[in-house]
Amino acid sequence: MALPIIFCTRSRTWDWHTIHHVFSDNGYQLPDNMKGETFVDIGAHVGGTTIRAAWAGADRIIAYEPSNGSF
């Protein structure tokens, strides 16, 4: 059983919508089991997809976000 994940999002941004899209809608169609996988997130924004990959058990995760406002 997966542990609950709590996100802190910035006000007046699309952060909450992005997190909802990744977790509730599985908008990027990530598999539920990523054991043995390396996940690379280019343009990681606030890390929602990165956290989703970790939640699915990816063995290695590389995330890059060039914007200081989202990092």
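This is a predicted model: local features need pLDDT of at least 70, side-chain atom pairs count only at pLDDT 80 or more; totals for chains, interfaces and linings use all residues.
Reader: At which angle do α1 and α2 pack, and how far apart are their axes?

Author: A helix pair is read from the angle and the distance between the axes. Here α1 and α2 pack at an angle of about 30 degrees, and their axes are 9 Å apart. Because angles under 35 degrees count as roughly parallel, α1 is roughly parallel to α2.

Reader: Is the crossing of α1 and α2 left-handed or right-handed?

Author: The crossing of these two helices, α1 and α2, is right-handed.

Reader: Which residues make the contact?

Author: On the α1 side they are I19, V22 and F23, while α2 contributes G48, T49, I51, R52 and W55. Sorted by class, the contact of α1 with α2 comprises 5 nonpolar, 2 polar and 1 charged residues.

Reader: Turning to the backbone, what is the phi of Q29, and where does Q29 lie?

Author: Phi can be read together with the residue type. Q29 is not a glycine, yet its phi is positive, near 55 degrees. Q29 belongs to the loop between α1 (15–23) and β1 (38–42).

Reader: Is Q29 buried or exposed?

Author: Residues over 50% relative accessible area count as exposed. Q29 has a relative accessible area of 69%, so Q29 is exposed.

Reader: What is the phi of H45, and in which loop does H45 lie?

Author: H45, also a residue other than glycine, has a positive phi of about 55 degrees. The loop that holds H45 runs between β1 and α2 (48–55). With a relative accessible area of 27%, H45 is partly exposed.

Key:
Residues are numbered from 1 along each chain as its sequence is written. Side-chain values use heavy atoms; hydrogens and water are left out. Helices (H or I, at least four residues) and strands (E, at least two) are DSSP runs, numbered from the N terminus. Buried means under 20% relative accessible area, exposed over 50%, partly exposed in between (1.4 Å probe, protein chains only). Axes are lines fitted to C-alpha atoms, for helices over the stretch in contact, and angles run from 0 to 180 degrees between N-to-C directions. Angles under 35 degrees count as roughly parallel, over 145 as roughly antiparallel, 65 to 115 as roughly perpendicular and the rest as oblique. A crossing is left-handed if the near helix is turned anticlockwise from the far one by less than a right angle, and right-handed if clockwise. Contact means heavy atoms within 4.5 Å. Ala, Val, Leu, Ile, Met, Phe, Trp, Tyr, Cys and Pro count as nonpolar, Asp, Glu, Lys and Arg as charged, and the others, Gly among them, as polar.
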